[in-house]
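Student: Could we go through this model together, checking each label against its definition?
Tutor: Gladly; have a look first.

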Amino acid sequence: MKRYDAAGGVEFLGFAGIARCHGLTTPVLEFAPPSHHTRSMIKSSSTERAGLENIEHWVFDLDNTLYSAECRLFHQIDRRMGEYIAALFDMSFDAARRLQKDYFRAHGTTLRGLMTHHDVDPADYLDYVHDIDLTAIDPSPALDRAIARLPGRKVIFTNADRKHAEQVIGRLGIARHFDGIFDIFDAEFVPKPDPGIYDVFIERHDVLPARAILFEDTAANLAPAAALGMTTVLVRPGEDGVVNDSGAPHIHHVTDDLAAWLTDAAGERKSAD
Ligand SMILES: [Mg+2]
């Protein structure tokens with residue numbers, strides 16, 4: 001499974017079955033996930049979703065959660081990271097890629113490696129790597145309608161930066177719903193799933209974990225949230241995709257269609273009122 005760092009906000013490359021990509025209808029699996037659950041095996045049921053009537057804070061990861069990994073934005077960002085390092089050190093692209101991966105392994109993110117060893121300006125780096133073509137992301141009226149029906153506050157909790165987040169939710173046509181964005185600057189460049197960052201996030205946004213739910217495509221990022229008492233939802237790959245750790249105890253719900261799941265959740269809440 002390919003790992004990927006805070007620049008794009010994705011720790012593992014996965015596939016979310018929502019907000020399909022422009023011109024792409026078939027998931028492109030490039031990395032072998034560790035488990036092989038079928039779609040039917042892990043489809044969330046209404047009984048599993050008991051307790052959603054208490055949710056007041058809806059917390060969303062950004063990349064590959066609010067839009068599908070089929071959009072392959074990561075591939076653009078990953079290449080930009082290599083280009084940035086190649087230009088910084090006047091080295092070949094291949095050498096830059098090796099250095100990038102070394103920093104990622106040693107520091108958790110490429111950015112932290114660059115900041116630690118070379119005092120790189122994070123804003124300069126993040127601006128560069130996120131200067132990508134977002135037209136692969138289509139507007140998602142279904143997600144817009146689904147989020148509109150949710151009562152309470154909606155916040156984005158991302159390992160990417162605010163500017164990228166704003167561009168993505170703008171492209172999706174869902175920006176109007178969000179009350180806040182917690183980005184990698186707010187996290188002082190310590191990415192999810194570092195448990196300490198979750199404490200900073202919930203304090204900053206007045207989130208009560210027992211009344212909050214987190215949506216993520218990266219299973220590992222759900223663990224600290226569940227430990228705090230948050231409800232968790234793994235937004236998993238589309239029909240032909242497979243997902244990591246979907247049976248783990250810190251994953252309370254799994255869906256391959258975020259908009260549909262949210263619509264169902266809102267409907268259940270309404271009928272429970
Ligand atoms: Mg993600």
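Student: Why is alanine 69 called buried?
Tutor: Alanine 69 has 27 other C-beta atoms within 10 Å. A residue is buried if 20 or more other C-beta atoms lie within 10 Å of its own, exposed if 12 or fewer, and partly exposed in between, with C-beta atoms placed from the backbone. Therefore alanine 69 counts as buried. A note on the source: this is a predicted model, where local features need pLDDT of at least 70, side-chain atom pairs count only at pLDDT 80 or more, and totals for chains, interfaces and linings use all residues. Residues are numbered from 1 along each chain as its sequence is written.

Student: Where does alanine 69 lie?
Tutor: In the loop between β1 (57-60) and α1 (73-89); helices (H or I, at least four residues) and strands (E, at least two) are DSSP runs, numbered from the N terminus.

Student: What makes arginine 72 partly exposed?
Tutor: Arginine 72, found in the loop between β1 and α1, has 16 other C-beta atoms within 10 Å. That count falls between the two cut-offs, so arginine 72 is partly exposed.
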